[in-house]
Every structure is written in C-alpha cells, then in structure tokens.
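Q: Hey, I'm new to this one. Can you walk me through it?

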Amino acid sequence: MQVKIIDHPLIQHKLSLVRDVKTGTKEFRELLEEISTLMAFELTRNLPLEETQVETPLTTCTCKMLSGKKIAIVPILRAGLGMVNGIVKLIPAAKVGHIGVYRDHETLKPVEYFCKLPTDVAERELIVVDPMLATGGSAVAAIEMLKAKGAKQIKLMCLVAAPEGVAVMNAHHPDVEVYVAAVDSHLNERGYIVPGLGDAGDRIFGTK
C-alpha cells in the first residue's frame, strides 16, 4: 500500500484551522469541504485523457479532455459526508454511494449497518472518504464491503491518520492507495488520534 501525504501549503494551512478547538461548526464544514476539493486534485492526477478537436474563436485546435473514466465517491457515514461536496464540485458527474460503519466505543471494533452503492461499482474507480483513519477498523470493513460488491479500483482519502490505522490498512488492503493530509503521532487509550482534530462527526454536525 502506498500512503501519500499531500503537503500542499493551502491544505496544511486549512488543516491547522480544522484542528483548532476554537473553529466552530460552520467554519469546520467549510474548511473540510475546501480541503477535500484540494486533495481531490492529487487523487485524480492520473485520470486518462483523450485528444479532441475544439473550435476556438480563432481556429480549430487539438485539446485534451477526460476519456470518460467512471468515478464514484463513497463516504463512510457519518463523518465522510462532510467531504463529498468538495469532491463533487470538482467531478460533478461522479456517482455517490454510502457505507454505514461506526466504531463501538467500548470494543473499538467496527459495526456495519448500511451499504448503498451504484450498481456498476466493478467498472468505477471508487474514492472512499472519511476524515479520520484512527484504528483503521472502519476503513478496513468498508473496503471489504466494497470488494464483496465487486469493486476493483479503490482509493482512500482521509484528512488525518494515525500510524496504527495506516498499519492496519497495510495489513488488510495493501492494494488500496491511501491519501492523507497528515500522519499524526499516535492513538490515545480511547482510540482518538493525537493531536488529531477531535470527533470529526460531532464537529461537522454540531453534536456531542
């Protein structure tokens, strides 16, 4: 598995604001969406192009356009929802699936409760999104669900990861590329990323 840290200055600046405990719900949502758009530029760097003829106001020229590769965005509920609009702005033709996996706060194990995907996932490149890669349990379970549905091309995009989560992903899904804005220090005894940014779902939706 390849773990790519996207260290663009704009992403790192906005990530610092997202981490700040003083950042309110509205600003947190907006920043998360903006970071997701910026990170999606890197994830889509290798999309195939094809040549086409375009008539400009002056002449006809050969240009390059996307060759029609199918994309789907799959947020892990609920926090992953905060990343979808930022990517859809960049790829408006992408379909969106949903996977419901939550972490049991006592066992720290993933619990699956929902899965709704496009019917042609086997033909699409899937971008799985979740702000946090902590223990890795939810991401591993979500990707196992996708593979069981026939998915073959999967990438995972998170804002912040813990080394423990990266190791779990590497052990279970070495074929899935992981893109993050930062790999933090460690997990605490409650399974939270340190320094992290708190509970992303609660900060997105204003819940406790």
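Q: Leaving aside neighbours within four places in sequence, which residues is Met132 in contact with?
A: Met132 is in contact with Cys158, Val160, Ile193, Leu197, Gly198 and Ala200. Contact here means heavy atoms within 4.5 Å. Before we go on: this is a predicted model, where local features need pLDDT of at least 70 and side-chain atom pairs count only at pLDDT 80 or more, while totals for chains, interfaces and linings use all residues. Residues are numbered from 1 along each chain as its sequence is written, and side-chain values use heavy atoms, with hydrogens and water left out.

Q: OK, and where does Met132 sit, and is it buried or exposed?
A: Met132 is in strand β9, and it's buried because its relative accessibility is 17%. Buried means under 20% relative accessible area, exposed means over 50%, and partly exposed is in between (1.4 Å probe, protein chains only). Strands (E, at least two residues) and helices (H or I, at least four) are DSSP runs, numbered from the N terminus.

Q: Which residues does UniProt list for "binding site"?
A: The unreviewed UniProt entry lists Arg78, Arg103, Asp130, Pro131, Met132, Leu133, Ala134, Thr135, Gly136, Gly137, Ser138 and Asp199. UniProt positions are in the numbering used here, feature names are shortened, and annotations may be inferred rather than shown by experiment.

Q: Where's Asp130, and what is it in contact with?
A: Asp130 lies in the loop between β8 and β9 (132-133). With 13% relative accessible area, Asp130 is buried. Skipping neighbours within four places in sequence, Asp130 is in contact with Ile76, Ala79, Gly80, Met83, Met157, Cys158 and Leu159.

Q: And Ser138, buried or exposed?
A: Ser138 counts as buried, at 18% relative accessibility. You'll find Ser138 in helix α4 (residues 137-148).

Q: Switching topic: which residues touch the most other members in the largest nonpolar core?
A: Those are Leu15, Ile87, Met157, Leu159 and Leu197, out of 36 residues in the core. α2 gives the largest share of this core, seven residues. By the way, a nonpolar core is a set of buried Ala, Val, Leu, Ile, Met, Phe, Trp, Tyr and Cys residues joined through side-chain atoms within 4.5 Å.

Q: What does Leu159 touch?
A: Not counting residues up to four places away in sequence, Leu159 touches quite a list, including Leu15, Val18, Leu32, Ile35, Asp130 and Leu197.

Q: How do α1 and α2 run relative to each other, parallel or antiparallel?
A: Roughly antiparallel. Their axes come within 10 Å and cross at roughly 155°. Axes are lines fitted to C-alpha atoms, for helices over the stretch in contact, and angles run from 0 to 180 degrees between N-to-C directions. Under 35 degrees counts as roughly parallel, over 145 as roughly antiparallel, 65 to 115 as roughly perpendicular, and the rest as oblique.

Q: Which residues make that contact?
A: On the α1 side they include Leu10, Leu15 and Val18, and on the α2 side they include Phe28, Leu32 and Ile35.

Q: Last one: is Phe114 partly exposed or buried?
A: Phe114 counts as partly exposed, at 38% relative accessibility. Phe114 is in strand β7 (residues 110-116). Phe114 and Ile99 are 15 residues apart in sequence and 5.5 Å apart in space, C-alpha to C-alpha.
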